[in-house]
Amino acid sequence: MMEHVDGNAIAGPLAEFFTFDATMASGRCVGCGTVAELARAMVYRSGAGTVVRCSTCDTVLATLVESGDRAWIGLRGVTAIEVRRTPSEG
Amino acid sequence: MSDAPTAQAVAPSAAPLAVPRSGWHVATVAATHRETPNATRIELDVPGWPGNAAGQHLDVRLTAPDGYQATRSYSIASSGSSTRVVLAVDKLPDGEVSPYLVDDVRAGDMLEVHGPLGAFFVWAPAADTGDHRPVQLIAGGSGVVPLYAMAHAHADASDPTPFRLLYSVRTPDDVYFDDEFATLVDAAAPLQLDVVYTRRAPEGWATAPGRIMREALEAAVFPASERPRVFVCGSTGFVERVADWLVELGHDPRSIRTERYGGA
Ligand SMILES: Cc1cc2nc3c(=O)[nH]c(=O)nc-3n(C[C@H](O)[C@H](O)[C@H](O)COP(=O)(O)OP(=O)(O)OC[C@H]3O[C@@H](n4cnc5c(N)ncnc54)[C@H](O)[C@@H]3O)c2cc1C
Ligand SMILES: [Zn+2]
């Protein structure tokens, strides 16, 4: 099994999609309903792409593929995204 | 990947780099410095760098002459508004990128970097955040890099928040920022440093070398009753072991922030 890292490790690729730091955004998992910052998710990377899984129930939250001048994101396991409009500490 | 390139193959080409997309910067290596027998500190000059918070990272992208690219994340040891950005990289002997950064990069070389990245694993002075809880830092190996940035920012701000750093390293030779930590421990901002040696301890050290255990962890961190904020960084195995124990010891999972570097 490939070793995972956490959501903060994909702040770079996500910056191609979002104008804010997406790792601080909270997503709701379609599998278990947990709402957590993306930075707390588990990230599995391979040559083929990146899979983001819920750290509570392992459901696939998102997939990311980068190739050449294209990048693609699927958000199949996220039912809602919440962003904080003011900086705040946890 | 069937034809995995060697570290040499991903060395940046001498050809001019394309104009970077937003967030990407062309960095010039200003200086390199052997940090430990296995790691190098790399100081980059990054024109246009907007500054960074303590604990953030950047992505380094290397491009081979044939166009193959490899990107890896590295924590930033420095913080503040400076365009001088400091990294410290540990060499994985069979790695694709780190042997090149540790052994081959020289002053004057150019690298592409993307950042600053990550707003989650950061610390800012209590004066800015209003958060006065004590801060527990826990590092394994190169995982000390972002935590050093936090301890340094804490000292620079003369921040009164109590800080403790528990640092697990293989041997006394493997300590990153050794001299700098000695200075930080004496600074006005309160910092206590506890080092655990996993392979070889200094002469006369009270505890035998070995992996950190739950009891040793409990003894060296702020107790859960003080509701510390906790930052844990290092290899995935280290971070998960420590985070699980912290939760067992009663720490609130919401107050624990982790950064997994991957690997064993
Ligand atoms: C947010 C973030 C910040 C990071 N900051 C730093 C930093 O400040 N300093 C630093 O030295 N590294 C840091 N890393 C790790 C770094 O990104 C690379 O993973 C590391 O340099 C190995 O890259 P490589 O190309 O040499 O090895 P690869 O070719 O990617 O991997 C080679 C082999 O080593 C294993 N491996 C990968 N990473 C590790 C690891 N960390 N420990 C042990 N085995 C591993 C792999 O599973 C593989 O078998 C950070 C990682 C993340 C996600
Ligand atoms: Zn879930």
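Modeller: A polar contact here is a pair of N or O atoms within 3.5 Å. One of its backbone N or O atoms lies 3.0 Å from a nitrogen atom of ligand 1, so the pair falls within the 3.5 Å limit. Keep in mind that this is a predicted model.

B:Ser73 also uses its backbone. An N or O atom there is 2.6 Å from an oxygen atom of ligand 1. B:Ser98 uses its side chain instead. An N or O atom of that side chain sits 2.6 Å from a ligand oxygen.

Now the burial. Ligand 1 on its own exposes 920 Å². The protein buries 79% of that area.

Next, the shell. Strands S4 (69-75), S5 (84-90) and S11 (256-260) of chain B each give two or more residues to it, and so does helix H1 (98-104) of chain B. S4(B) supplies the largest share, four residues. There are 24 residues around the ligand. The nearest are B:Ser73, B:Tyr74, B:Asp90, B:Val97 and B:Ser98. By type, the shell divides into 10 nonpolar, eight polar and six charged residues.

Residues from chains A and B surround ligand 1, so the two chains share the site.

That leads to the contact between the chains. Chain A puts in 21 residues and chain B 27 residues. About 2000 Å² is buried between them. Carbon and sulfur atoms give 45% of that area.

The rule finds two salt bridges across the interface of chain A and chain B. One of them joins the side chains of A:Asp6 and B:Arg260, at 2.6 Å from N to O.

Look at the side of chain A that touches chain B. Strand S1 (5-6), helix H1 (11-14) and strand S3 (35-37) of chain A each give two or more residues to it. H1(A) makes the largest contribution, three residues. The residues on this side of chain A divide into eight nonpolar, five polar and eight charged.

Notes: Residues numbered from 1 in each chain as written. Chains lettered and ligands numbered in written order. Predicted model: local features only at pLDDT ≥ 70, side-chain atom pairs only at ≥ 80, totals over all residues. Heavy atoms only, no water. Contact = heavy atoms within 4.5 Å. Buried area = accessible area lost by both parts, 1.4 Å probe. Salt bridge = Lys/Arg side-chain N within 4 Å of Asp/Glu carboxyl O. Nonpolar A, V, L, I, M, F, W, Y, C, P; charged D, E, K, R; others polar. Near = heavy atom within 4 Å. Polar contact = N/O pair within 3.5 Å; in protein donor to acceptor, adjacent residues only side chain to side chain. Areas by Shrake-Rupley, 256 points an atom, 1.4 Å probe, with all protein chains shown as cover.
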